[in-house]
Amino acid sequence: MSGKTVFITGASAGFGAACARMFATEGYRLVLTARRVDPLLELQKELATQSEVQIIPLDVRDRAAVQGAIESLPERFRSIDVLLNNAGLALGLEPAHQVELDDWDTMVDTNIKGLMYCTRFILPGMVERNRGHIINISSTAGAWPYAGGNVYGGTKAFVTQFSRNLRCDLLGTRVRVSCIQPGMAETEFSKVRFKGNDEQAANVYQGTEPLTAVDIAETVRWVVSQPPHVNVNTLELMSIDQTWGPFAIHREQK
Ligand code: NDP
Ligand code: 8X3
């Protein structure tokens, strides 16, 4: 056992669940959080022989709940070594003038404000102990624009820049901050984006070999296992089947 503790948001599916399995193999104690309890219970059962697992039903948009969850952690889980800020979602792919405003609110509240709350309530302990690692899951959508990416990409650009700014604030401490920017990966992400439309979700990956949640977990493993003086700032990865497009140009028909 490493004796270390990781706190993962969005551990009920996708990257978060794969990272929970990866951290279990590294001997971490796990604090697994998400809104859905059943998948967390299943994961706790699956990993019980490997790790001590504390599960917390948590909606990261609820500031008081985030504070309460962190402040009431059992003693053995209180000293958090790694915070994996992973919970997040995209909703819709409509152009900005047609989008559901509630979807924009949900993405901002989850991807930006939820990540802010978890960071703000966990970071003081890391600074006090003069050790810790915050790993923020951003996206290629935060670095590169695409049609319909409007607020989702904006929230991920926040995550990337917030990560860099945290590093500036933490200079002189041994607290590390890393930002991972994956491209297209097959998880529940597209099912959520297209609100349960399985066919639309499957079309995103059709004919490609997308990144997997395990690919992201292995990336996180590499990032956390660097020597303590090495801070991986930003790391972008994509499937071999994805790359950048050319500029889009509108031409009037003559
Ligand atoms: P999934 O939909 O598979 O998992 C998302 C996780 O976030 C779930 O565990 C979900 O749990 C949790 N979550 C969503 N809303 C909340 C909330 N309000 N409070 C707490 N937990 C919440 O998607 P991914 O694993 O693919 O996504 C993980 C992260 O990676 C996200 O931030 C996403 O934006 C990012 N990302 C994904 C990419 C992809 O192509 N898949 C590429 C780049 C980045 P529950 O519903 O139980 O609350
Ligand atoms: C998820 C990747 O390209 O669907 O962040 O925005 S993308």
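Tutor: A polar side-chain atom of Tyr 146 lies 2.6 Å from an oxygen atom of ligand 2, and Tyr 152 likewise places a polar side-chain atom 2.6 Å from an oxygen of ligand 2. For Arg 193 the distance from a polar side-chain atom to a ligand 2 oxygen is 3.5 Å. A polar contact here is a pair of N or O atoms within 3.5 Å; within protein, one must be able to donate a hydrogen and the other to accept it, and residues adjacent in sequence count only if both atoms are side-chain atoms. Taken alone, ligand 2 exposes 240 Å², of which the protein buries 80% (Shrake-Rupley areas, 1.4 Å probe).

This is a predicted model: local features need pLDDT of at least 70, side-chain atom pairs count only at pLDDT 80 or more, and totals for chains, interfaces and linings use all residues. Side-chain values use heavy atoms, without hydrogens and water.

Around ligand 2 stand Ser 139, Ala 141, Tyr 146, Tyr 152, Phe 189 and Arg 193, where near means a heavy atom within 4 Å. This shell divides into four nonpolar residues, one polar and one charged; Tyr counts as nonpolar in that scheme.

As for the cysteines, the count of disulfides (pairs of cysteine sulfur atoms within 2.5 Å) is zero. Cys 19 is in none, and the nearest cysteine sulfur, that of Cys 179, is 14 Å away. Cys 19 counts as buried because its relative accessibility is 0% (buried is under 20%, with a 1.4 Å probe and protein chains only). Cys 118 is also in no disulfide, with the nearest cysteine sulfur, that of Cys 19, 15 Å away. At 0% relative accessibility, Cys 118 is buried too.

How values were computed:
Residues numbered from 1 in each chain as written. Chains lettered and ligands numbered in written order. Buried < 20%, exposed > 50% of the residue type's maximum accessible area, 1.4 Å probe, protein only.
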